[in-house]
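Dear colleague,

I am handing over the structure we discussed, and below it I have set out what I found when going through it. Please read the notes with the structure open beside you.

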Amino acid sequence: MASKKDTVCAVCKQGFHTLLELSDHYQWHRSVVASKGRQFERLKLLETEVQESNEKFTKKRSKTRNIESNSKDDGSNLLDLLDSVHSSSEILVDIISSRHPEVGDETTTVVLLCGEFLKESKPLIKQGVSAESLARSFLLAAKSAKERIAELAVSIDDKLSLAKCASTALTSKYIGGNKEFLSGMVVDAITTIGNNNRPNSIGIVKVPGGTLRDSFLANGVAFKKSLPHAGFEQGATTVSCPTILIVKTELQLKSEQENTEIRFFHHFQSPSVIYRKLEKCIRSGAKIVLSCFPIDDLAAKYLADQEIFCTGHCSEEDLQRVAAATGAVIQDSVENLIDKNLGTCELFEEMQVGYDILNIFSGCSLGETATIVLRGGANQLIEESVCSLNNAIILVNKIARNPAVVPGGGAIDMEISRYLRQYALTIAGKSQQFINCYAKAFEVIPRQLCDNAGIDSDSIIIKLRQKHTGEGSSTCGVDVSTGGIVDSFANFIWEPAALKMKTIDAATESACHVLTEMN
């Protein structure tokens with residue numbers, strides 16, 4: 001029978017081993033929490049990088065590794081330029097970049113919201129809260145937020161409202177008093193393409209010289225003509241119902257770039273080769289020949305004698321737009337040309353604009369397209385105007401496709417934050433705290449708007465909280481012009497409701513994915 005001393009020693013030994021196990025578990029828990037904390041810090045660096053880039057928007061420049069400058073200072077381009085070395089940051093960048101086709105210009109908002117969700121989650125994770133519980137609560141809160149957006153959405157479909165919305169997006173200082181002129185042009189371009197959702201349906205051609213008021217809208221595909229060649233004055237400048245041939249081969253008297261055969265020294269291509277190619281182009285019945293490679297004087301003169309217009313050195317983007325609008329198929333060679341690979345349009349014309357010549361294809365067979373010809377006194381000012389025009393085109397196009405809009409300027413974000421706080425009171429358990437953290441994260445959007453405009457963000461957030469607690473004040477947002485608050489909806493500061501829902505989905509799913517991966 002064991003003595004009392006042996007029993008006490010066994011109990012003490014067992015307790016000692018238990019303490020060791022608890023100590024090891026505690027050290028392991030501390031190491032896991034520290035590891036997660038470091039991952040949160042890395043993700044915060046990513047959010048800070050995008051946030052600082054957004055605050056320096058007026059400089060139109062963001063410095064990144066191996067890249068000196070970037071003229072388009074939006075979130076999607078910055079994510080493309082970043083060189084992520086941490087796995088958590090790389091996961092977040094991949095997720096958000098994959099959602100860019102859906103959220104479009106809202107990539108910066110997705111990054112900020114996702115970063116703020118993770119920031120609010122950090123203290124909870126350190127306390128030992130399960131990442132799965134957080135993810136479930138976040139998804140539940142996102143569903144309630146989208147329901148609130150659907151309640152507040154208002155449908156608009158008149159041209160005047162779309163023009164007002166476009167003028168709000170034209171933020172360039174150079175545009176100044178020409179907002180109404182350009183906003184009307186943007187709405188006309190969207191109306192011209194109708195239900196055509198083809199990429200690059202609306203193009204922008206920059207022509208230096210003149211004033212901004214000299215800009216105009218061309219109802220078709222327009223691009224600059226390359227340098228004039230011999231016989232160009234004999235070519236037609238206006239062609240009705242032409243057939244269009246687009247080739248991706250050289251029409252000149254020299255060795256071709258795409259030919260891989262070995263050529264000997266002093267070899268010279270026979271003129272019969274180029275004439276044979278030109279004859280095939282003529283027999284195809286095409287009245288217009290376009291190529292991204294050079295067309296020399298011999299070929300241009302030969303085609304001009306047959307009343308065929310031709311131009312070379314066209315950019316890949318211009319040829320893709322012409323092919324998509326006219327139904328032409330880009331040919332790698334002039335062999336086996338058939339009618340169905342040729343494009344058609346109602347009218348082709350050349351137009352002198354400033355010191356440049358524009359080629360314009362109107363009445364395209366596969367859907368209408370439009371091109372804004374933008375004039376200006378300096379290239380830098382034109383580039384600044386192009387950035388504002390692109391934002392206006394994207395916004396108006398999305399509203400035209402989905403007429404339901406909600407107030408912008410941080411108004412809808414503050415209203416979602418208030419609504420979710422009230423919604424959290426109806427939920428028992430820890431989920432109430434999780435949803436409150438989710439609701440607080442939405443305040444980052446109006447706060448970021450204030451920081452961009454150099455306004456005291458704390459005082460504005462307090463005023464917005466006070467306003468949104470009252471009845472009928474769900475449309476109050478940030479007024480960057482006066483440094484106060486304003487009724488965003490009455491001042492035509494709108495966001496597409498569908499886009500806002502997709503933004504919330506993308507940010508929430510990205511945060512939940514990162515949380516569960518870290519777990």
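Strand 9 (residues 343-353) and strand 10 (residues 356-364) pair in the antiparallel sense over eight bridges, where strands are DSSP runs (E, at least two residues) and helices are likewise DSSP runs (H or I, at least four residues), numbered from the N terminus, and where two strands pair if DSSP finds at least two bridges between them. The two strands form a hairpin with two residues between them, and Gly 354 in the turn has a positive phi of about 65°. Within this pairing, Cys 345 stands opposite Cys 364 in strand 10.

This is a predicted model, in which local features need pLDDT of at least 70 and side-chain atom pairs count only at pLDDT 80 or more, while totals for chains, interfaces and linings use all residues. Residues are numbered from 1 along each chain as its sequence is written, and side-chain values use heavy atoms, with hydrogens and water left out.

Strand 5 (residues 238-240) pairs with strand 9 in the antiparallel sense over three bridges, with Phe 348 as the bridge partner of Val 239. Strand 6 (residues 243-247) also runs antiparallel to strand 9 and is joined to it by two bridges, and here Ile 244 stands opposite Gly 343.

The aromatic rings come next. Rings of Phe, Tyr and Trp (its six-membered ring) are taken as a pair if their centres lie within 6.5 Å, with planes under 30 degrees apart counted as stacked, over 60 as edge-to-face and the rest as tilted; by this rule the count comes to eleven aromatic pairs. One of them is the tilted pair of Phe 309 and Phe 348, at 4.8 Å centre to centre and 50° between the planes. This pair links distant parts of the chain, with Phe 309 in strand 8 (residues 309-311) and Phe 348 in strand 9, 39 residues apart. Phe 309 counts as buried because its relative accessibility is 4%, and Phe 348 is buried with a relative accessible area of 0%, where buried means under 20% relative accessible area, exposed over 50% and partly exposed in between (1.4 Å probe, protein chains only). Another pair, Tyr 438 and Phe 442, is edge-to-face, at 5.4 Å centre to centre and 70° between the planes. Both Tyr 438 and Phe 442 are buried, and together with Phe 117 and Phe 138 they form one aromatic cluster.

Elsewhere, strand 12 (residues 404-407) has two antiparallel partners to look at: strand 1 (residues 154-155), over two bridges, and strand 15 (residues 494-496), over three bridges. Ser 155 has Ala 404 as its bridge partner, while Pro 407 stands opposite Trp 494.

Helix 12 (residues 379-401) has 23 residues and should span 33 Å at 1.5 Å a residue, and its end C-alpha atoms are 32 Å apart, which agrees; the expected span is 1.5 Å times one less than the number of residues. Its buried residues include Ile 382, Val 386, Leu 389, Ile 393 and Val 396. Among the elements that cover the buried residues of helix 12 are helix 7 (159-169), helix 8 (179-193), strand 12 and strand 15.

For the whole protein chain, there are 17 helices and 15 strands, and buried residues make up 47% of the 519 residues.

Terms used: Contact = heavy atoms within 4.5 Å.
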